[in-house]
Amino acid sequence: MEAPNSPQEPFLRHVETDVLIPKMMREKAKELCAEKVTAFNHCCKETGFLMVFKCREQNAALKECLTVHYRDSAFFEECKQEYIKEKLEFQRTGVAAKNRSQKLPTSM
């Protein structure tokens, strides 16, 4: 799915290329397909147990949107570069990306 790491890029472990980067891709794809996610969720909430039958159209549209992103090699590369950037920043600071975005407390 991807070319070997170039000399400028840090080595990526198997778990990073096969688990962590795809996880990032799924999260970003859900954001990019937000309208279809919302439509599917709304349908499921309204139909309850019948959602398997009643929400096929919304489910198919959602799957199609997500699959387009999952199969896009440029999207994988974009997510990989973002992952590398976050990894290098963590190695430099010791602070995870999710914790970095939190505001520091200010004294009054």
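Biologist: Hi! Where does V52 sit?
Modeller: V52 is in helix α3, residues 51-54; helices here are DSSP runs of H or I with at least four residues, numbered from the N terminus. This is a predicted model, where local features need pLDDT of at least 70, side-chain atom pairs count only at pLDDT 80 or more, and totals for chains, interfaces and linings use all residues. Residues are numbered from 1 along each chain as its sequence is written, and side-chain values use heavy atoms, leaving out hydrogens and water.

Biologist: Is V52 buried or exposed?
Modeller: V52 counts as exposed because its relative accessibility is 54% (buried is under 20%, exposed over 50%, partly exposed in between, with a 1.4 Å probe and protein chains only).

Biologist: Switching topic, which residue does K87 form a salt bridge with?
Modeller: K87 pairs with E16, and their closest N and O atoms are 3.1 Å apart (a salt bridge needs a side-chain nitrogen of Lys or Arg within 4 Å of a carboxyl oxygen of Asp or Glu). K87 lies in helix α5 (residues 73-93) and E16 in helix α1, so the pair ties together parts 71 residues apart in sequence.

Biologist: And how accessible is E16?
Modeller: E16 has 1% relative accessibility, so this residue counts as buried. K87 is buried too.

Biologist: What else does E16 bridge to?
Modeller: The side chain of R13, at 3.6 Å from N to O. R13 is partly exposed, with a relative accessible area of 44%.

Biologist: How many salt bridges turn up in the whole structure?
Modeller: Five. Another of them links K80 and E77 at 3.8 Å; both lie in helix α5, three residues apart, about one turn of the helix.

How values were computed. Helices (H or I, at least four residues) and strands (E, at least two) are DSSP runs, numbered from the N terminus.
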